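I opened this notebook page to keep track of what I looked up, one entry per topic.

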Amino acid sequence: LLKPAFLLLAISFAGCGASMAYIDVHLVPMMQQVLDGSDAKTEIIASSLSVLGAAELVGAFIVGWLLRYFKPGLFLAGLYGLRAASMFLIAQVDSAPMFWLFAILFGLTYMGTVIITSMLCLKFYGEKIKGKMFGLLFTIHQVSVFATIWSGGVAFDLMGDYHAVTIGVALFCCFSAV
């Protein structure tokens with residue numbers, strides 16, 4: 001558990017957990033707040049979530065196909081970089097086209113980080129203990145999920161918006177990319 005391979009996978013996978021928790025818990029309230037007063041608020045949010053889901057599905061296939069051509073670790077770093085860029089983008093947007101762009105960029109990375117992390121875990125630990133090691137990585141992922149959900153709620157209570165947690169998750173994804 002203290003070897004560099006595990007620590008690097010754990011840190012990067014924690015970024016996956018943080019960003020997925022943001023999407024699952026804080027994205028819709030953030031969009032509701034940003035779009036408050038818009039006549040098309042419901043349609044923009046619903047269409048953005050639909051685009052994100054479609055991009056997630058497409059992204060999983062693209063990642064699987066591209067893994068034949070790229071080094072997995074560098075590809076994983078690129079996905080976290082793209083995810084960070086999408087998080088920085090959503091911290092600044094207030095229009096449907098920009099929310100859709102966010103949904104596409106983030107969605108394309110959504111399952112790719114899990115796929116590559118699982119593949120690297122198999123490569124580093126072999127098939128006999130891969131399940132145990134991935135379970136430990138997923139535990140760290142879920143601790144990050146909790147921390148993001150909790151800290152996002154605290155940040156909203158203190159500041160009245162989701163900007164701080166959005167930037168925090170974007171920075172965490174940058175750290176995961178490194």
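**Ground rules.** I am working from a predicted model, in which local features need pLDDT of at least 70 and side-chain atom pairs count only at pLDDT 80 or more, while totals for chains, interfaces and linings use all residues. Residues are numbered from 1 along each chain as its sequence is written, and side-chain values use heavy atoms, with hydrogens and water left out.

**Cavity.** I searched the whole structure and found one cavity of 30 Å³ or more; on a 1 Å grid over the protein atoms alone, a cavity is a set of points where a 1.4 Å probe fits but cannot get out, and lining residues have an atom within 4 Å of a point. The largest cavity holds about 40 Å³, a volume being the space filled by probe spheres set on the points, which are joined across faces, edges and corners. I noted its lining as Leu27, Met31, Ser48, Leu49, Leu52, Ile90, Phe99, Phe102 and Ala103, with at least two residues each from α1 (4-34), α2 (41-66) and α4 (96-109); helices are DSSP runs (H or I, at least four residues) numbered from the N terminus. By class I have eight nonpolar, one polar and no charged residues there (Ala, Val, Leu, Ile, Met, Phe, Trp, Tyr, Cys and Pro count as nonpolar, Asp, Glu, Lys and Arg as charged, and the others, Gly among them, as polar).

**Pocket.** I then turned to the largest pocket, of about 350 Å³, a pocket being an open set of points with protein on both sides within 12 Å along at least five of seven lines. Its lining has 17 residues, of which Leu8, Leu9, Ser12, Gly73 and Leu76 lie nearest the centre.

**Cysteines.** My search for disulfides (pairs of cysteine sulfur atoms within 2.5 Å) found zero. The closest cysteine sulfur to that of Cys16 belongs to Cys173 and is 8.4 Å away, too far for a bond. For Cys121, also in no disulfide, the nearest cysteine sulfur is that of Cys16, 14 Å away. Cys16 is buried at a relative accessible area of 0%, and Cys121 counts as buried at 0% too (buried means under 20% relative accessible area, with a 1.4 Å probe and protein chains only).

**Helix pair.** I looked up α5 (residues 112-159) and α6 (residues 163-177), whose axes come within 8 Å and cross at roughly 145 degrees; axes are lines fitted to C-alpha atoms over the stretch in contact, and angles run from 0 to 180 degrees between N-to-C directions. Ser144, Thr148, Gly152, Ala155 and Met159 in α5 meet Ala164, Val165, Val169 and Phe172 in α6, contact meaning heavy atoms within 4.5 Å.

Terms used. Buried < 20%, exposed > 50% of the residue type's maximum accessible area, 1.4 Å probe, protein only.
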